Amino acid sequence: MRISDVIVIGGGLAGLTAAITAAGRGKGVTLMTSGAGTLAIGGGTIDLLGYLENNTLVTTPRAGLRQLPPEHPYSKVGSQVVEEAVQFFLTMCQEEGFRYTGGLDHVQWLPTAIGSVKPSCLVPLTMDSTPIQAASHVVVVGFTRLKDYFPELISKGLGNIPGFQKEYEEVMIDPGFTGGRDVTTLDIARWLDTIQGQQACREQLAKQVKPGSAVIIPPVLGSRPSYVVRDALERMLACKFVEVVIMPTAVVGLRLRAMLLQRAKRLGVTIMEQAHVAYTVQEGKQVTAVVTGNIDRERSYPAKAVILATGGFFGGGIIAEHDSISEPIFNLPVTAPTEREEWGTRQLFANAAQPFAKIGIQVDDGLRPVNADGQVLLENVYIAGRNLAGYDHCLEKSGNGVALVSGYKAGLNC
Amino acid sequence: MKKHHYNPDDCTACTSCVIHCPVAQAVREFQGPKLAGPAGERFRLMEDDWETALEYCSNCKNCDISCPSRVPISTLTMKARAQYYKTHKQSFRDWLLSHGEQMGKMASLTPTLANLGMNNIVSKAILKNVGISDKAPLPAYASESFSKQFKKIKQQPTANKAVFYPGCFINYNQPQVGLDVVAVLQVNNFEVIVPEEAVCCGSPLVVNGYMDEAEANAHKNIAILQDYVRKGYPIITACTSCGLMLKQEYQELFASKGVEQVAGRIYDISEFLLELYDEGLLNTNFARQEGRYLYHAPCHLRVQGIGKPSLELVRMIPAIEVIDADAGCCGISGNYGFKAEKYDIAMAVGNNLFETIKASGIGSVLSECGTCRLQIAHGTGVKTEHPIAVVRSAYNQK
């Protein structure tokens with residue numbers, strides 16, 4: 001009989017981190033996915049903690065951690081685990097040849113495509129904004145036919161932000177694409193993967209970019225988890241590139257996912273795509289098998305432990321109907337305000353917390369699901385990522401941070 | 001059990017399918033699966049002739065694999081393509097490529113003549129003339145079909161019976177794969193039944209818009225297989241595209257009576273053997289095999305949600321080394337890469353896999369899909385085999 005030490009359900013940042021952590025401890029891990037997940041289209045930065053509940057900015061992520069309420073996932077796992085998870089991530093990226101920068105002791109301010117800045121914590125080297133702050137001359141690059149990206153918006157917006165008040169200049173690059181399809185950052189990134197693309201880009205930038213300039217560019221410096229494209233262009237033009245935060249599809253998440261899959265594969269994680277988990281088999285408070293319900297038939301996969309990382313409302317990990325709210329696989333209790341009117345605040349753009357954002361599964365300090373009295377419901381099940389209750393990733397800027405930290409903790413405990 | 005369903009509004013336009021579509025990566029003229037499938041469906045509700053480069057989709061199903069909302073994107077596209085061909089003429093070339101079964105039947109009457117007919121300059125020129133690439137790796141026909149060879153096998157009678165559905169490629173092009181399946185099942189105390197009356201699964205018909213013919217085949221196959229399912233016999237396939245059609249696409253496309261019961265009993269050969277292993281019934285008396293292999297998972301296996309059973313099975317053989325290439329679609333996607341105007345796209349799609357194979361320095365690639373094997377051999381020059389061939393050798397040498 002084949003039996004997994006642990007089955008991880010969900011292939012996003014939380015699930016992959018959990019699988020990698022557990023496999024690194026010598027566990028036999030099976031990772032089940034349903035679709036490629038939001039990681040591939042997301043921003044790919046690890047925003048750990050930018051704002052507190054009352055919308056005040058943290059001085060540093062580390063300082064912010066101390067001010068969180070006890071029900072917050074970071075408080076549950078403790079600051080020591082947060083620290084370890086950050087180190088774990090940075091080391092992994094370094095070993096996979098796709099280094100990230102940052103840490104708990106300072107806020108990384110990332111320029112965005114609308115000319116604002118947003119706080120983050122761990123970012124790929126291409127998104128470190130210090131070259132902008134250090135330079136006097138900044139070139140903002142756009143691409144013809146690229147949607148939702150306007151260089152003037154960036155220079156105008158950034159020009160009003162302390163630390164970013166520089167001499168800005170805009171330049172458009174024409175990749176010369178044929179065909180009627182919309183141009184995306186991924187199309188451009190794949191073009192820049194090629195030597196011809198890099199050459200063409202260099203030629204079109206050579207006039208405006210002076211040695212020592214900082215160049216702001218959408219996330220197009222290669223589609224793969226490496227800095228080969230950035231290094232080549234920086235060498236050719238003797239400048240520094242900074243990729244900005246954009247709307248999905250952002251290539252940065254695609255690169256991060258590729259790196260994590262590469263790591264998981266190296267550690268022997270078995271990945272099952274399109275394994276749509278329907279329910280689990282339980283004996284008392286122990287789960288003994290995970291059952292998939294694909295179109296042909298059900299299949300049962302025995303496991304000693306299970307990590308649930310299926311996401312929130314968007315990922316399908318929590319499902320809200322008109323008169324109910326549920327977690328579909330284990331049918332775990334989901335904590336939500338009883339009255340629907342209390343789920344949201346009516347002032348959509350008030351920069352205030354939305355109560356529905358904190359809806360999720362309650363866990364103990366070891367991330368095992370608990371009931372309203374705090375009793376553990378399933379002893380060998382661990383919850384990671386957006387399934388968890390008690391944090392507002394949108395307001396706090398903590399989405400990938402909680403995914404990383406809770407995935408790491410679940411991978412350690414299972 | 002949750003069914004695939006057809007509501008295009010389940011698509012949230014997240015673009016996951018677009019970024020994972022190998023054809024969209026290779027050719028900018030393709031609008032991508034989101035627009036060809038669910039988004040296009042909304043336009044097609046309003047306009048009869050609305051068409052966004054539908055022809056580019058190869059039905060490789062990487063869109064379905066990547067969709068977080070379980071929208072059957074490729075099937076929406078195939079249905080739209082069939083609808084389009086209700087009012088537009090299909091080419092002789094598409095007819096030819098869709099009817100491999102008829103070609104196979106003709107060829108099995110005169111195989112030498114058929115191969116002589118395909119693999120020489122004159123007929124390559126004729127094929128090119130109708131729109132089949134003269135560079136494409138067209139398969140050769142076997143001198144004797146699998147079903148004919150199967151009849152000559154003297155099987156050891158056993159109480160356990162299993163039905164084997166060979167499909168056209170194994171039947172007419174590479175019967176050895178079928179013979180290996182039978183041998184391996186016999187070693188594991190199963191007597192094999194091959195239903196002679198079964199017809200092409202319909203996969204090549206669906207991709208070229210011959211939906212009515214595919215449906216007729218589906219009804220026929222379901223009726224035949226259902227009789228065996230009622231007796232409690234498992235249905236085994238060794239071609240991942242046939243398996244996918246029988247267990248999934250029939251349900252997505254056609255309302256055929258008994259289709260669910262049959263789907264519930266379709267097994268990939270390696271999946272079947274691993275289930276025997278789990279029950280302690282697999283003969284694991286394998287001889288050491290010192291070989292090094294790369295394994296390529298066909299897209300039509302990946303979308304089935306059963307993992308990579310052949311990889312697990314072959315790795316049970318002592319001393320063997322098998323590395324998962326994990327390098328994406330090979331590009332051929334059934335008969336897509338045979339088409340003159342698609343040949344270059346198919347080769348571009350397969351490039352990452354070809355480069356991975358070449359860089360590995362390994363001269364043997366295992367893959368379940370017959371046309372994947374043709375394309376891999378064509379793109380790299382390496383030797384290719386069905387994984388079951390390796391399993392059979394490991395038994396034989398013991």
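Me: Which residue in β7(B) stands opposite B:Y295?
Reply: In this predicted model, strand β5 (residues 292-295) of chain B is paired with strand β7 (residues 364-366) of chain B in the parallel sense, over two bridges. Within β7(B), the residue opposite B:Y295 is B:L366.

Me: What is the bridge partner of B:Y295 in β6(B)?
Reply: Strand β5 of chain B also pairs with strand β6 (residues 321-324) of chain B. That pairing is parallel and runs over four bridges. In β6(B), B:Y295 has as its bridge partner B:D324.

Me: How many residues does each domain of chain B give to the contact between them?
Reply: Chain B is divided into domain 1 (8-87) and domain 2 (292-396), and their C-alpha centres lie 26 Å apart. Counted by side, the contact takes eleven residues from domain 1 of chain B and, from domain 2 of chain B, twelve.

Me: Which elements give two or more residues to the side of domain 1 of chain B that touches domain 2 of chain B?
Reply: By class, that side of domain 1 of chain B has six nonpolar, three polar and two charged residues. The elements of chain B that give two or more residues to this side are α2 (22-26) and α4.

Me: Which residues of helix α17 of chain B are buried?
Reply: Helix α17 of chain B spans residues 269-278, and its buried residues pack against α12 (175-187), β3 (235-237), β4 (266-268), α19 (309-314) and α22 (387-396) of chain B. After α17(B) comes B:G280, with a positive phi near 75°. The buried residues of the helix are B:I269, B:S270, B:E271, B:F272, B:L273 and B:L274.

Me: Which element gives the most to the side of domain 1 of chain A that touches domain 2 of chain A?
Reply: Chain A is divided into domain 1 (4-99 + 255-413) and domain 2 (113-245), with 32 Å between their C-alpha centres. In the contact, 21 residues of domain 1 of chain A meet 13 residues of domain 2 of chain A. With four residues, the element that gives the most is α10(A).

Me: How does the side of domain 1 of chain A that touches domain 2 of chain A divide by class, and what are the counts?
Reply: The side in question belongs to the contact in which domain 1 of chain A takes part with 21 residues. Its residues are ten nonpolar, six polar and five charged.

Me: Which residues have the most contacts inside the largest nonpolar core?
Reply: The largest nonpolar core has 239 residues. For A:I307, leaving aside neighbours within four places in sequence, the contacts are A:V6, A:V8, A:I9, A:A18, A:Y382, A:A384, A:A410 and A:C414. The residues with the most contacts inside the core are A:I9, A:A19, A:I216, A:V306 and A:I307.

Me: Which elements of chain B give two or more residues to the side that touches chain A?
Reply: The contact between the chains takes 32 residues from chain A and 31 residues from chain B. The elements concerned on the chain B side are α1 (16-20), α4 (62-66) and α15 (240-253).

Me: What ipTM does the predictor give the complex?
Reply: Chain B averages a pLDDT of 92, and 95% of the residues score at least 70. For the complex, the predictor gives a pTM of 0.96 and an ipTM of 0.94.

How values were computed: Residues are numbered from 1 along each chain as its sequence is written. Chains are lettered from A and ligands numbered from 1 in the order in which they are written. This is a predicted model: local features need pLDDT of at least 70, side-chain atom pairs count only at pLDDT 80 or more; totals for chains, interfaces and linings use all residues. Two residues are in contact if their C-beta atoms, placed from the backbone, lie within 7 Å. A nonpolar core is a set of buried Ala, Val, Leu, Ile, Met, Phe, Trp, Tyr and Cys residues joined through C-beta atoms within 7 Å. A residue is buried if 20 or more other C-beta atoms lie within 10 Å of its own, exposed if 12 or fewer, and partly exposed in between; C-beta atoms are placed from the backbone. Domain bounds come from an automatic or database domain assignment. Ala, Val, Leu, Ile, Met, Phe, Trp, Tyr, Cys and Pro count as nonpolar, Asp, Glu, Lys and Arg as charged, and the others, Gly among them, as polar. pLDDT is the predictor's confidence in each residue, from 0 to 100. Two strands pair if DSSP finds at least two bridges between them.
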